[in-house]
Amino acid sequence: MLLAIDIDNKFTKFGIFNFDQMLDSFSIVTDKNRSIEETKLTIKLILLDKKINLSDIDDIIISSVVPELSIRYEEISQKITNKKPILISSGVKTGLNIKCESPKEVGSDRIIRAVAASKTYDGDIIVISASSITTVDYINSKKEFLGGLILPGIDLFEDSLHRQSAKLPQVEIKKSDKFLGNNTISSIQSGIYYGYQNAVLGIVNNIVDQYELKKSNTVILTTGVHSDLLINSKFDIKKDTTLGLNGLKYIYELNKNNLK
Ligand SMILES: Nc1ncnc2c1ncn2[C@@H]1O[C@H](COP(=O)(O)OP(=O)(O)O)[C@@H](O)[C@H]1O
Ligand SMILES: CC(C)(COP(=O)(O)O)[C@@H](O)C(=O)NCCC(=O)O
């Protein structure tokens with residue numbers, strides 16, 4: 001079996017694949033303070049709960065945007081499979097042409113999502129990751145990753161208001177029914193919800209306009225905890241929470257023969 005690990009800033013996602021099928025997935029909070037043994041035990045216990053033994057794992061592939069954790073997870077992988085894992089880095093084949101000034105600088109989480117998206121869909125693709133840090137990337141019909149935008153997620157909007165003011169409380173992030181708030185809490189909730197949604201959908205709109213994308217030939221995908229806040233009648237946005245893990249699976253297929 002293959003264990004795919006997607007280490008992002010807030011959550012680390014795991015997917016267990018048996019050939020092409022994802023058998024199960026789970027996530028843990030990304031925590032730089034956890035030791036190697038603790039992390040390995042956590043993975044072992046969660047897998048056992050899913051009736052999977054660590055010894056069933058033959059190969060591991062990792063994407064990490066947290067450099068301190070890459071080394072630790074490489075070590076954990078070596079302990080589990082007795083071989084080096086595939087770590088998404090510049091020498092790894094992705095099947096995607098990354099048209100950026102310095103391709104190795106692009107977050108591997110953005111790459112794996114783009115790989116899954118372009119493997120699943122033809123035409124022009126916009127991939128949104130609606131996490132604490134939000135990214136919007138554009139992949140054209142020639143499978144070229146043309147770059148994207150990085151902006152604060154809705155929880156950073158919310159947190160910055162609270163931190164930078166004396167009187168603004170922390171609020172629950174949720175869809176607002178009313179546009180104009182009539183008290184402090186509902187005003188903040190409306191501000192961050194409509195502000196975030198308009199920012200992201202505005203960016204999508206700008207990409208569509210600038211690259212003259214046709215609706216019939218364009219797929220817009222979203223992943224990440226805040227995806228539901230973006231579902232709106234203006235665009236047909238498809239939610240796909242498995243993009244990152246599936247991207248890792250595709251990249252594994254392209255690179256598995258190079259495993260030592
Ligand atoms: N409290 C939690 N503990 C563990 N996993 C969570 C929790 N909340 C959400 N997740 C998982 O994390 C995924 C979302 O992560 P994402 O928004 O991509 O985060 P990141 O900021 O790390 O990119 C969710 O789809 C869910 O599976
Ligand atoms: C933009 C990101 C912080 C998003 O991280 P995430 O929210 O998925 O944890 C990550 O992709 C990253 O560290 N990128 C490096 C810079 C770049 O992509 O150009």
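Predicted model: local features only at pLDDT ≥ 70, side-chain atom pairs only at ≥ 80, totals over all residues.
Lys 51 is found in the loop between α1 (36–49) and β4 (59–64), and its phi is near 65°, a positive value in a residue other than glycine.

- Phe 19 is not a glycine either, yet it has a positive phi of about 50°, and its place is in the loop between β2 and β3.
- Phe 19 counts as exposed because its relative accessibility is 72%.

- The residues around ligand 1 include Asp 8, Asn 9, Lys 10 and Phe 11, and among the others are Ser 131, Ser 132 and Gly 224.
- Two strands, β2 (11–18) and β3 (21–29), each supply at least two residues of the shell around ligand 1.
- Two side chains make polar contacts with ligand 1: a polar side-chain atom of Lys 13 lies 2.7 Å from an oxygen atom of the ligand, while an N or O atom in the side chain of Ser 27 is 2.6 Å from a nitrogen atom of the ligand.
- Val 225 takes part through its backbone, where an N or O atom lies 2.8 Å from an oxygen atom of ligand 1.
- On its own, ligand 1 has 580 Å² of accessible area, and the protein covers 67% of this.

- The residues around ligand 2 include Val 65, Glu 105, Val 106, Thr 135 and Ile 150.
- Asp 8, Asn 9 and Ser 131 are among the residues around ligand 2, and these three residues are also listed around ligand 1.
- A backbone N or O atom of Gly 107 lies 2.8 Å from an oxygen atom of ligand 2, and an N or O atom in the side chain of Asp 109 is 2.5 Å from an oxygen atom of this ligand.
- Arg 110 contributes a polar side-chain atom that lies 2.7 Å from an oxygen atom of ligand 2.
- Ligand 2 exposes 470 Å² when taken alone, and the protein buries 79% of that area.
- The elements that give two or more residues to the shell around ligand 2 are the helix α3 (108–120) and the strand β8 (133–139).

**Thr 134 in strand β8**

- Thr 134 lies in strand β8, and its side chain reaches the backbone oxygen of Ser 131 at 3.1 Å.
- Thr 134 is buried because its relative accessible area is 0%, whereas the word applies to any value under 20%.

**Helix α6**

- Helix α6 covers residues 243–255, which makes 13 residues, and from its first C-alpha to its last it reaches 18 Å, close to the 18 Å expected at 1.5 Å a residue.
- The buried residues of α6 include Leu 243, Leu 245, Leu 248 and Ile 251, and also among them are Lys 249, Tyr 252 and Asn 255.

Definitions and conventions. Residues numbered from 1 in each chain as written. Chains lettered and ligands numbered in written order. Heavy atoms only, no water. Helix = DSSP H or I, 4+ residues; strand = E, 2+ residues; numbered from the N terminus. Expected span 1.5 Å × (residues − 1). Buried < 20%, exposed > 50% of the residue type's maximum accessible area, 1.4 Å probe, protein only. Near = heavy atom within 4 Å. Polar contact = N/O pair within 3.5 Å; in protein donor to acceptor, adjacent residues only side chain to side chain. Areas by Shrake-Rupley, 256 points an atom, 1.4 Å probe, with all protein chains shown as cover.
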